[in-house]
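Me: I am new to this structure and would like to know what the terms rest on. Please show it first.

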Amino acid sequence: MSLLDVRDLTVTYAGGAAAVRGVDLTLAAGQKLGIAGESGCGKSTLALALLRLLPAGTRIGGQVLLDGEDVLTMKWGRVRAVRWAGASIVFQGAMHSLNAVHRVGDQIAEPILLHGRATPAGAKKRAGELLEQVGLPAARASAYPHELSGGQRQRVMIAMALACDPRLIVADEPTTALDVMIQAQILRLIEQLVAEQELGLIAISHDLAVLADTCDRLAVMYAGRVVEEGPARKVYEDARHPYGKALSEAFPRIGDPASRFAPRGLPGDPPDPSAVPSGCAFHPRCPVVLESCAVDDQELYEAAEDRRAACVHVRAAPAARSGS
């Protein structure tokens, strides 16, 4: 049984904006899955839907099976029990996620106490242990968020996510506000924790290079759908969907003069979720668009061994000829 099995997930906000449209994902324990895409492609909405953290009035369809149990049909008491203990989220922007008037040790201890995992004294001790686990001295438990650096605050968020020994961690842009050196440290820390504790990790970012270095598999989202999925390094280096290729080429590669002096971008923006184009949603921006793309939507086709892409060009070219 998979740790997480997302089946035909749909999310529609009040007002009719379809932010997630039929997403299927599978994650095993100890596996790291990256989800990439521009802002507005549905990544964060997907993350929030996994634990029903979306605002009132949002319609959610499909299934989110966590250890075989559907989160979307749980009673609220069961949902509260699953949050933190079964699955937890590391949000982007730790300064906005932490309470500015409470010491960080108390904030780490809070979910431990709420889930009845320890006495107040035991929760305080556990908070110190968690801080040391993420590379901070236990003494920093007495600090307020503003007394910590950005990287230290992000480590506190990771400690909070680990507080109740969850099986799944969702990291939503956990390094966006950090410099590249601290970003690398945080990513290596997350990798180490996943390996040591056999956790499942979903890492969300707009940066394919970061996800390719961190994750086993990579799913690229556009307009609320997964348009490409496969081994992370292969998707980054040889994307089969035009959108995945454009995302990859938007980041200059070290040692590659061509990408350094002539970085490629992608004109335009993802569509508004309330006005997704007909046919393939990417066709207004696609450099290899065909007339049929404005009419015919595309499902995920086999692009190579263990790879899929939702593109008419992939469908037209047999996987046997496309290599691996």
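Me: Why is Arg233 called partly exposed?
Reply: Arg233 has a relative accessible area of 33%. Buried means under 20%, exposed over 50%, and partly exposed in between (1.4 Å probe, protein chains only), so Arg233 counts as partly exposed. This is a predicted model, in which local features need pLDDT of at least 70 and side-chain atom pairs count only at pLDDT 80 or more, while totals for chains, interfaces and linings use all residues. Residues are numbered from 1 along each chain as its sequence is written, and side-chain values use heavy atoms, with hydrogens and water left out.

Me: What makes Asp213 and Arg233 a salt bridge?
Reply: Their closest N and O atoms are 2.4 Å apart. A salt bridge is a side-chain nitrogen of Lys or Arg within 4 Å of a carboxyl oxygen of Asp or Glu, so the pair qualifies. Asp213 lies in helix H8 (residues 208-214) and Arg233 in helix H9 (residues 232-237); helices are DSSP runs of H or I with at least four residues, strands runs of E with at least two, numbered from the N terminus.

Me: Why is Asp213 called partly exposed?
Reply: Its relative accessibility is 45%, so Asp213 falls in the partly exposed class.

Me: How do you know that strands S9 and S10 pair?
Reply: Six bridges join strand S9 (residues 217-222) to strand S10 (residues 225-231), which run antiparallel. Two strands pair if DSSP finds at least two bridges between them, so S9 and S10 count as paired. Met221 stands opposite Val226 in S10.
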